[in-house]
Amino acid sequence: MTLPPHLKKGDTIAIVATARKNIDDNLKPAIQLAKSWGLEVVIGNSIGLDNNQLAGTDEQRASDFQNMIDNPNIHAIWCVRGGYGTARMIDLVDFSKFINNPKWIVGFSDVTVLHSHLNNLGFATIHGIMPVNVEKASPEVEETLRKALFGLPLSYTVPCENENKLGKVTGELLGGNLSILYSLMGSKSQIDCRGKILFLEDLDEYLYHIDRMMLSLKRCGCFDGLKGLVVGSFIKMHDNEIPWGKTANQIIADITKNYNFPVVYNFPSGHIHNNNTLFLEEKFHLMQMIKIRF
């Protein structure tokens, strides 16, 4: 697994839109934060474009992203927000120059498309807050992103939930948003979980959707050879008039109950205020499900 060069003061980070549209008026907190770390900031041409829900056409978003990954003076790319749309432009991007000059790609939610695609190409990425999240992010969460970008170690201590399946494993971490991973099944961006630790999170889904998506991952072999499972936030879940009968965590436990890998629930990352940063595809240690570190 290839790690892009970590940042140093004076490096430049680019803010682009790969999915939902975004104006630049709300980027001041993110720009100020990056500059407080000693970084320069470049705003991509996709910021401010308006194509219904999307930040311009697929071609415009892909072109902006392409320019940033090809530009040797850009050292990291910070996706402005999620929503939907990254899958629409991913196949328009040529990663040949990126392979020779990789840089950190940062974001979560819909950015899971980029995480999974680049992980398949052999490159680590950063699952973390995006520019639109900075204003409401805690200083502690902001610090986890700074540490990730500058190559400092990350370590998390989380409560040991009763529903956890105990174990101690080390492996490369991959994953992200469950709905996005489900949508990538059968494509060249589909995750390969063999020998890995899988991280999952989601929001605003019906509980039976969670069951369907988890079952699909199981039937496609995603849990065969998996070393461990880290379950982040599953919030704002919906149910029908006739209830499904299980919470999101209980659904995940039921689908994975016949596997021997350890599982940790309620890890503080995802669509929550306490959205801590994760390296995807770097060595990740689950230590008795209490301390988690890279």
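Which residues of β3 point one way from the strand and which the other way? Ala 76 and Trp 78 are directed to one side of β3, Ile 77 and Cys 79 to the other, and all are buried (buried means under 20% relative accessible area, exposed over 50%, and partly exposed in between, with a 1.4 Å probe and protein chains only).

## Basis of the description

The structure is a predicted model, in which local features need pLDDT of at least 70 and side-chain atom pairs count only at pLDDT 80 or more, while totals for chains, interfaces and linings use all residues. Residues are numbered from 1 along each chain as its sequence is written, and side-chain values use heavy atoms, with hydrogens and water left out.

Helices (H or I, at least four residues) and strands (E, at least two) are DSSP runs, numbered from the N terminus. Two strands pair if DSSP finds at least two bridges between them.

## The six-stranded sheet

An open sheet is formed by 6 strands in the order β2-β1-β3-β4-β5-β11, with mixed pairing. The edges are taken by β2 (40–43) and β11 (278–280), each with a single partner strand, so one side of each is left without a neighbour in the sheet. On average, and with direction ignored, neighbouring strands of this sheet are turned by 25° against each other.

Strand β3 is joined in the parallel sense to β1 over 4 bridges, and Ala 76 in β3 is the bridge partner of Ile 13. Parallel pairing also links β3 to β4 (residues 104–107), over 3 bridges; here Ile 77 stands opposite Ile 105 in β4. By contrast, β5 (residues 125–127) and β11 run antiparallel and are joined by 3 bridges, with Leu 278 in β11 as the bridge partner of His 127.

Helix α1 (residues 28–36) lies across β1 (12–16), β2 and β3 (76–79), and runs at about 150° to β2. Such angles run from 0 to 180 degrees between N-to-C directions, and axes are lines fitted to C-alpha atoms, for helices over the stretch in contact.

## Helix α5 and Gly 122

Helix α5 (residues 112–121) is mostly covered, with 8 of its 10 residues buried. Among them are Thr 112, Val 113, Leu 114, His 115 and Ser 116. After α5 comes Gly 122, which has a positive phi, near 100°.

Gly 122 belongs to the loop between α5 and β5 and counts as buried at 18% relative accessibility. Apart from its neighbours within four places in sequence, Gly 122 is in contact with Met 1 and Thr 2 (contact means heavy atoms within 4.5 Å). The C-alpha atoms of Gly 122 and Ala 148, which are 26 residues apart along the chain, are separated by 18 Å.

## Strand β8 and its partners

Strand β8 (residues 196–203) is mostly covered: 7 of its 8 residues are buried. With β7 (residues 168–177), β8 runs parallel and is joined by 6 bridges; Lys 196 in β8 is the bridge partner of Glu 172. Strand β8 also pairs with β9 (residues 228–235) in the parallel sense over 6 bridges, and Leu 198 stands opposite Leu 229 in β9.

## Packing of α8 and α9

Helix α8 (residues 207–219) and helix α9 (residues 248–255) pack at an angle of about 25°, with their axes 10 Å apart. That angle makes α8 roughly parallel to α9 (under 35 degrees counts as roughly parallel, over 145 as roughly antiparallel, 65 to 115 as roughly perpendicular and the rest as oblique).

Residues Leu 207, Ile 210, Asp 211, Met 214, Leu 215 and Lys 218 of α8 meet Ala 248, Ile 251, Ile 252 and Ile 255 of α9. The residues of this contact comprise 8 nonpolar, no polar and 2 charged. In this division Ala, Val, Leu, Ile, Met, Phe, Trp, Tyr, Cys and Pro count as nonpolar, Asp, Glu, Lys and Arg as charged, and the others, Gly among them, as polar.

Most residues other than glycine have a negative phi. Asn 52, in the loop between β2 and α2 (58–70), has a positive phi near 60° and counts as exposed at 65% relative accessibility. Asn 266 also has a positive phi near 60°; Asn 266 is found in the loop between β10 (263–264) and β11 and is partly exposed, with a relative accessible area of 37%.
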